[in-house]
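Here is a short tour for anyone who likes to check geometry by eye. Have the viewer open, and let us start with a helix, move on to the ligand and finish with charged pairs and a surface patch.

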Amino acid sequence: MRTRIIAGNWKMNTTPDEASALVAEIVSSSTVQQAPLSVRIVVCPPYLSLSSAIQSSVGSHVVIGAQNCHHEEKGAYTGEVSPVVLHGMGVKYVIVGHSERRRDQFENNELVGRKAARALACGLTPIICVGETLDEREDDITTDVIGTQIRLITSAAGEDVIKGSVIAYEPVWAIGTGRAATPIQAQDVHAFIRSELHIFGAQDVPILYGGSVTDENASTLFTCRDIDGALVGGASLKASSFCAIIEAASGVHGR
Ligand code: PGA
């Protein structure tokens with residue numbers, strides 16, 4: 001049975017106090033308290049709110065992730081954050097290659113692969129994001145784009161790193177737009193990603209869907225064979241909607 005994961009990406013939202021309060025609210029909800037251990041719950045606050053989020057999560061089913069990390073452990077990289085430090089703080093996961101970083105910080109697949117490799121070597125589980133733009137989907141090259149992303153990331157990171165990671169399929173046109181992929185669109189790409197991972201024996205890696213996931217569309221998405229959970233942006237900023245998404249994942253029988 002593949003692990004199911006519901007991860008919240010809080011992006012540049014929440015002060016340390018707000019993060020602490022939001023984690024406390026999530027942790028104390030009956031959904032989270034009753035969620036099966038086979039559903040992993042991850043929240044990814046901004047760097048400066050990690051510490052307070054970790055404190056509020058202690059002893060609970062919720063673990064904390066970061067939204068990015070550097071590809072080296074230490075050195076002359078002004079303003080960067082080392083995966084060693086994140087791990088030492090108690091962070092368990094790290095998102096790498098989110099489309100907002102690819103767009104705004106010009107991160108490419110090779111760098112994403114190097115970040116994933118370093119993160120895993122430092123004890124973090126990378127959540128590696130891939131996805132096509134609207135133009136690419138309309139040009140009917142979605143699988144070419146995603147296949148290339150996976151191949152380039154894998155060649156930079158190494159196959160064993162991918163085997164220890166989580167993949168998030170996040171169509172760029174669905175992020176923050178309120179226009180989620182349909183279950184059929186998402187399942188098609190997830191099945192393609194799984195077949196690409198199968199080539200080197202990584203077919204059991206959890207593949208999350210991300211892009212306008214809400215408490216309304218989550219349960220239908222989770223019935224899809226190759227969707228193992230979600231990377232949730234906007235809807236993870238409210239405990240009620242995030243917990244409803246966790247509940248939808250908890251109700252799906254393992255595969
Ligand atoms: P969204 O963001 O759920 O707000 O669309 C998802 C993400 O960027 O990970």
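Helices (H or I, at least four residues) and strands (E, at least two) are taken from DSSP runs and numbered from the N terminus. Just after α8, G158 takes a positive phi of about 100°.

Before going further, a word on the source: this is a predicted model, in which local features need pLDDT of at least 70 and side-chain atom pairs count only at pLDDT 80 or more, while totals for chains, interfaces and linings use all residues. Residues are numbered from 1 along each chain as its sequence is written, and side-chain values use heavy atoms, with hydrogens and water left out.

**Helix α8**

Helix α8 covers residues 142-157. The expected span of a helix is 1.5 Å times one less than its number of residues. For the 16 residues of α8 that gives 22 Å, and the end C-alpha atoms are 22 Å apart, which agrees. Which residues of α8 are buried? They are T142, V145, I146, G147, Q149, I150, I153, T154 and A157. Here buried means under 20% relative accessible area, exposed over 50%, and partly exposed in between (1.4 Å probe, protein chains only). An α-helix has 3.6 residues a turn, so residues three or four places apart point the same way.

**Around the ligand**

There are 13 residues around the ligand, and K11, H98, E170, G176 and S212 come nearest; a residue counts as near if one of its heavy atoms lies within 4 Å. Polar contacts are pairs of N or O atoms within 3.5 Å; within protein, one must be able to donate a hydrogen and the other to accept it, and residues adjacent in sequence count only if both atoms are side-chain atoms. A polar side-chain atom of H98 lies 2.7 Å from an oxygen atom of the ligand. For E170, an N or O atom in the side chain is 2.7 Å from a ligand oxygen. G233 uses a polar backbone atom, 2.8 Å from an oxygen atom of the ligand. Taken alone the ligand exposes 280 Å², and the protein buries 94% of that; accessible areas come from the Shrake-Rupley method with a 1.4 Å probe, and for residues only the protein chains shown count as cover.

**Salt bridges**

A salt bridge is a side-chain nitrogen of Lys or Arg within 4 Å of a carboxyl oxygen of Asp or Glu. By this rule the count comes to 12 salt bridges.

| E72 | R118 | 3.0 Å |

E72 is partly exposed at 22% relative accessibility, and R118 is partly exposed at 27%. In the second pair, D104 is partly exposed at 41%, whereas R103 is exposed at 54%.

D160 and K163 both lie in helix α9 (residues 159-163), 3 residues apart, about one turn of the helix. D160 is exposed, with a relative accessible area of 60%, and K163 is partly exposed at 41%. Elsewhere, salt bridges that share partners join R2, R194, D226 and D228 into one network.

**A nonpolar patch**

V84, V85 and M89 make a nonpolar surface patch of about 220 Å². Patches are made of residues with over 30% relative accessible area and no salt bridge, with like charges joined within 9 Å and nonpolar side chains (Val, Leu, Ile, Met, Phe, Trp, Tyr) within 5 Å. V85 lies in helix α4 (residues 83-89) and is partly exposed, with a relative accessible area of 49%.
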